[in-house]
Amino acid sequence: MEMAETNTQATRREPDVELVKTYWRSVGERLLRDRVTVGVALILAVMVSASLLAPWLAPHDPMAGSVANRLKPVGTTGHLLGTDETGRDMLSRILYGGRLSLLCGLTPVILATLIGGFIGVIAGVAGGVVNALLMRLMDVLYAFPSVLLAVAICGVLGAGITNTILSLTIVFVPPIVRITESLTTQVRNLDFVEAARAAGASHLELIRFQVIANILGPLFVYATSLVSISIILASGLSFLGLGVVPPAAEWGLMLNALRQAIWVDPVLAALPGVAILVTSMCFNLLSDGLRTAMDTRLKA
Amino acid sequence: MSTPVASTAISPRPDRGGPMQPLLNVEGLRKHFRLKRGLLGGGGAVVRAVDDISFSVSKGHTLGIVGESGCGKSTTARLLMHLIEPDAGTVVFDGDPVGGPRGVSLRELRRQMQMVFQDSYASLNPRAQIADIIAFPARIHGLGARDARDRAAGLLEQVGLRPGQFARRYPHELSGGQRQRVNIARALVLSPRLLILDEAVSALDKSVEAQVLNLLADLKQQLSLSYIFISHDLNVVRHVSDRVLVMYLGQVVESGDTRSIFRTPRHPYTRALLSAVPTTDPERRTAVAPLTGDPPNPINPPDGCRFHTRCAFAEAVCRKLMPRMASADSGAGDHLVACHMANAGSGHSQAGSAGGMSA
Amino acid sequence: MLKFIGMRLLHTVPILFGVSLLVFALVHMVPGNPLDILLPADAPKEVIERLKAEYGFDQPLYVQYLSWLGRVLAGDLGTSVFTGQKVAGDLFSALNNTLAIALPAAVLGFTLGIALGVVTGLHQGGWIDRVFSVLSIFGVSVPHFWLAIVLVAIFSVGLGMLPAAGMAGDGGWPTSLEDVSYLVLPVISLSLIPIGIISRLVRSTVLEVTGQEFAGALKAKGLRRRRILLHILKNAAPPALALMGLQFGYLLGGSILVETVYNWPGAGQLMNLAIFRRDIPVLQATVLILSLLFVLINLLVDVLQALIDPRMRR
C-alpha cells in the first residue's frame with residue numbers, strides 16, 4: 001500500500017518487560033548483585049571512614065616521633081605497622097595520610113566534573129562556533145601529557161595542597177569536557193530534545209530537564225574512573241615534593257620519606273604505596289561495576 | 001472541551017480572523033543546507049531541502065503532504081515549527097506574521113502549533129515518566145506542577161490511556177501505539193490549534209494505525225483542530241486529508257482538493273505515485289508506468305523541471321525551463337500543478353492535452 | 001590519503017600555537033617577577049633593571065612572547081639561569097636518556113599488551129583470563145613510582161641481581177650488558193601501565209570480533225586457527241596502536257616519577273631539577289619539547305591508523 005519508503009520503516013520491537021521500575025532502581029539492584037563491586041564499595045567505605053575517624057582511631061600522634069624508635073619493623077608491639085624514619089607511628093600516619101590523599105585525589109575530579117561538565121554541556125547545546133572554540137581550546141590542553149601538565153603547573157605555582165588540587169583540576173577538565181560534549185551532542189540530536197524545543201523550551205530548560213538526566217549516568221561512571229588516576233597523580237606530586245608539604249602525613253610523601261629506608265626494611269618502605277594501590281584499584285573496580293550496571297550506552 | 005483547562009496560561013486561543021481566513025499561510029518557504037567542506041569551509045555544495053514552497057491550511061481542515069523520502073516533507077515540518085530557521089519565506093498564523101516586531105512570537109506560535117514526531121520512542125525522554133513528559137510543555141509555559149499533572153492525567157484519558165495505569169510508567173514500558181498516543185497527548189497539552197503530524201502513524205502496525213487515526217479524527221472534532229498530515233502512504237493521506245500537497249525534491253509539484261488530486265492528477269509524478277497504489281478496481285488501472293529509479297540527488301538538482309530525469313513525457317523544454325505552479329483548470333479552481341504539459345503556451349508537444357489523460 | 005595527512009597537519013598548527021602560548025604563559029604564572037627568585041631580596045636596583053633588560057622582562061608581554069617564539073623557531077631554546085649554559089644541549093641528552101627507557105617500555109607494553117589481550121580474550125572466563133584480568137586491573141591501578149620502589153626492594157635489595165639506581169657510563173643507549181642491567185627495572189616499571197591498559201582494550205576487541213557472526217563464519221569455513229587469529233589481530237591493532245601512541249606520550253612526560261626513583265638522568269629529572277632550582281627557561285623548554293613530541297606522536301599515530309584502516313580517513 002505504500003511507496004518506496006516502506007522498507008526503510010523499521011517496525012519497532014515491543015518491550016517484553018511490563019514491570020514498572022525506575023531506571024536508577026534497576027541499576028541499584030544490578031549493582032547489589034555484583035559481588036566484586038559491593039566488596040570494593042565496602043572497602044572504600046571503610047577506608048574513607050577510617051581516615052575521617054583518624055583522630056579517634058589512630059593509636060599515636062602522627063607527628064610525634066622519637067629517635068630511639070626509628071624504623072621499627074611491621075608487627076612491633078605498640079606500633080602495629082612499625083615506625084618511620086623519624087620514629088613516628090606508621091599506622092597512625094597512614095590513617096591520617098588517607099585524609100590528605102583522598103582529599104587531593106577526590107577534590108580535583110569533583111571540581112573538574114562540575115567545571116568540565118558545565119563547559120561540555122554548553123558546548124554541546126550551543127554547537128556551532130561556541131562549540132568549535134571551546135573544543136579547540138581543550139585540544140590545546142590535551143596536547144600535554146597529564147603528568148607533565150600537573151608537574152609543570154605545580155612546579156611553577158609551588159608545592160601545597162591548594163596548588164595540587166588546582167593543577168589536577170586543570171588536568172582533568174579537558175577529558176571531562178570532551179566526554180560531556182559528545183554525550184550532550186548525542187542527546188541533543190535525539191527526537192525528544194527536538195520535541196521539547198518544539199514545545200518552546202529554552203536552552204536552559206532543555207539542559208535542565210532533558211539533557212542532564214540523560215548524561216548524568218555515563219558522566220558519573222567516567223568521573224569515578226578518573227579518581228583512580230587522580231589519587232595516583234596526587235600522591236605522585238607529593239612524592240616529587242610538589243604536593244603536600246612535610247611534616248604532614250600523606251601517602252606519596254611518606255613513600256618518598258622512606259625511600260632511603262628501603263635498604264633497612266623494604267616492607268616498611270613500600271607500605272604507604274599499598275594504601276595508594278588499594279584505593280586506586282578499588283576506584284577502578286567500582287567504576288567498572290558501575291559501567292556494567294548502568295550499561296552506559298544511550299538507549300535510543 | 002472535555003479537558004478541564006486549569007490555567008489561562010495554556011487555555012485555547014480564540015479564533016481571530018473568522019473561518020474564512022486561513023489558519024496558516026506559507027509563502028516562499030526555503031531552506032538550503034550548506035554542506036561542510038572541511039577546515040577552510042566555503043565552496044561547499046548546497047542541498048536544496050526545501051525550495052520556495054507556498055501553501056495554506058484552512059481552519060478545521062487537514063492538509064496532507066505526500067512525497068518520497070528525501071523530498072523535504074519533514075524539513076518543511078521542522079521549518080514551520082522553527083526547529084530549523086528558514087532561509088526565506090513568510091509564515092502567517094491566523095492573520096499574524098510569525099516573528100518580526102508586530103507578529104506573533106515564536107513562543108506563542110509554538111503554543112498554538114504543535115508537532116507529533118515519527119519515532120514514538122526517540123521522541124520521548126527515556127528518563128522521564130509519562131505524566132511528566134506530557135506535562136513538560138505546560139510546565140515551561142508557566143503552569144504549576146500540580147495543575148500540569150492534572151492536565152496530563154486528563155489528556156491521557158482523552159487519548160485513551162488510563163492515567164492510573166500509565167502516568168507513572170517510562171516510555172520503554174509502553175507499546176508503539178501507546179507511545180504515539182502519549183506523543184499526541186503531549187502535543188495537545190498547550191491547547192494548540194494546529195497539529196503537524198510528521199509520519200505520525202507510519203511506524204505503527206496497520207490495526208494500531210487505524211486506531212490512532214480514529215483517535216486523531218475524534219480529537220480534531222472535539223478540540224476543533226487543524227492538521228498538517230505528512231505521510232508517504234497515499235491511502236492514509238486520501239483518507240484523512242481535505243487538501244493534498246505533492247512534493248518532489250523540495251518543491252511542490254501539485255496541490256489541490258483531495259478528491260481532485262486523486263481523481264484527476266495532472267502532474268506525471270503524481271500519476272506515477274498513484275499508479276503505484278494497488279487497487280482492486282480494474283476500471284481504475286492505469287497505463288502509466290510506475291516510478292523507476294531513485295529521486296536525483298537534492299545536492300545537485302537537475303536544471304529545468306526537477307522531475308524530467310524520471311518523466312516519460314520529458315522534452316527539451318522540460319530540461320531547460322522550470323515550470324511554475326499554475327491552475328490546472330479542471331474541476332476545482334484551486335487545483336495547481338507545475339508541469340509544462342498543463343500550460344498551453346509552454347512549447348511542450350502535449351501541452352494542453354495532458355488534461356485528457358485522466359488516470 | 002595525502003589529503004588526509006594534509007588536513008591533519010593543518011589541524012595541528014593551531015594546537016601547536018596554543019601549546020606555545022600556554023608554555024609561555026607558564027613562566028608568567030610564577031608569582032611575582034621571574035627574576036625575583038634568582039636575585040637576593042636586597043639586590044641593588046640597577047642590577048635588577050639591567051637583568052630585566054637583558055632577559056627582556058621589561059618588554060610588553062606580547063613582545064616577549066613573539067621574540068621567545070622567534071628564538072624557539074630558530075632553534076634557540078634559551079639559556080639556563082642556573083648554569084648559564086644553553087638549554088638545548090642538556091635537554092637533548094636528557095631526552096635521549098628518557099627515550100632509552102621509554103621506547104623499550106613502549107615496545108614491551110605494546111607487544112605484551114596485545115599478546116595478553118588476545119590470550120585472555122580467546123580464553124574468556126577461563127583461569128588464564130581470570131588471573132590476567134586481575135593483573136591488568138593491577139596494571140592500570142598501580143602507582144608506577146611505588147612499583148619502581150617495590151622492584152628495587154625485590155631485585156636490588158632482596159636478590160641483589162640488578163642495580164638499584166643510576167646508569168652506567170655516560171648514559172644514552174646501552175652498549176654493554178652492564179648498561180642493559182641498569183635499564184631493566186625502569187623499563188619494567190614504565191611498561192606495566194601500558195600493558196594493563198592495552199591488554200584490557202585488546203581483550204574487549206577480541207571478544208567483540210569473536211562475538212560477531214563473521215568470525216563464526218570463518219570458523220565454519222574451516223579456516224585454520226592461525227588465520228582467524230590474524231584476522232582478530234587486524235581488527236585489534238588500530239585501536240591498540242592509537243592507545244599506544246597516547247601511552248608513549250605519557251611515558252615520555254610521565255617518566256619523571258620513575259626517573260626520580262631510579263635516579264635516571266632523563267628529561268623528567270631535568271624538569272624536576274629545574275623546578276627546584278627555579279630554573280624557568282629549562283622548565284619551559286622541557287615542557288615545550290615534551291608536549292611537542294606528544295603532539296607529533298599523536299599525529300603519526302593518526303596517519304598510521306588511517307593507513308591501516310581506511311574508515312579512519314573520514
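In this model, 39 residues of chain C are in contact with 35 residues of chain A, where contact requires that the C-beta atoms of two residues, placed from the backbone, lie within 7 Å. The elements of chain C that give two or more residues to the side touching chain A are α1 (2–29), α5 (127–141), α6 (144–158), α9 (225–262), α10 and α11. Helices here are DSSP runs of H or I with at least four residues, strands are runs of E with at least two, and both are numbered from the N terminus. By class, this side of chain C has 30 nonpolar, 9 polar and no charged residues. Ala, Val, Leu, Ile, Met, Phe, Trp, Tyr, Cys and Pro count as nonpolar, Asp, Glu, Lys and Arg as charged, and the others, Gly among them, as polar.

The model is predicted: local features need pLDDT of at least 70 and side-chain atom pairs count only at pLDDT 80 or more, whereas totals for chains, interfaces and linings use all residues. Residues are numbered from 1 along each chain as its sequence is written, and chains are lettered from A and ligands numbered from 1 in the order in which they are written.

**Chain A**

The secondary structure of chain A comes to 11 helices and 0 strands. The radius of gyration of chain A is 24 Å, well over the 19 Å that the globule rule gives for 300 residues, so chain A is more spread out than a compact globule. The radius is taken over C-alpha atoms, and the rule is 2.2 Å times the number of residues to the power 0.38. Along the principal axes, the C-alpha atoms of chain A fill a box of roughly 95 × 45 × 30 Å.

**Helix pairs**

| Pair | Angle between axes | Axis distance |
|---|---|---|
| α4 (90–126) and α11 (266–294) of chain A | roughly 40 degrees | within 11 Å |
| α10 (267–276) and α11 (280–308) of chain C | about 150 degrees | 8 Å |

Axes are lines fitted to C-alpha atoms, for helices over the stretch in contact, and angles run from 0 to 180 degrees between N-to-C directions. The angle in chain C makes α10(C) roughly antiparallel to α11(C), a term for angles over 145 degrees. The crossing of α10(C) and α11(C) is left-handed: the near helix is turned anticlockwise from the far one by less than a right angle, whereas clockwise would be right-handed. In α10(C), C:A267, C:L270, C:M271, C:A274 and C:I275 meet C:V282, C:L283, C:T286 and C:L290 of α11(C). This contact has 8 nonpolar, 1 polar and no charged residues.

In chain A, α4(A) passes α11(A) in a right-handed crossing. A:M90, A:I94, A:G97, A:G98 and A:S101 of α4(A) make the contact with A:L271, A:P272, A:A275 and A:I276 of α11(A). The residues of this contact divide into 6 nonpolar, 3 polar and no charged.

**The sheet of chain B**

In chain B, 4 strands form an open antiparallel sheet in the order β2-β1-β4-β5, a pair of strands being one for which DSSP finds at least two bridges. Its edge strands are β2 (46–57) and β5 (96–97), each pairing on one side only. Strands β1 (24–34) and β4 (88–93) run antiparallel and are joined by 5 bridges. B:L24 stands opposite B:F93, and the partner of B:R30 in β4(B) is B:A88. B:F93 also has B:D96 of β5(B) as a bridge partner. In the hairpin of β4(B) and β5(B), with 2 residues between the strands, B:D94 takes a positive phi near 45 degrees. Helix α1 (73–80) of chain B lies across β1, β2 and β4, running at about 65 degrees to β2(B).

Notes. Angles under 35 degrees count as roughly parallel, over 145 as roughly antiparallel, 65 to 115 as roughly perpendicular and the rest as oblique.
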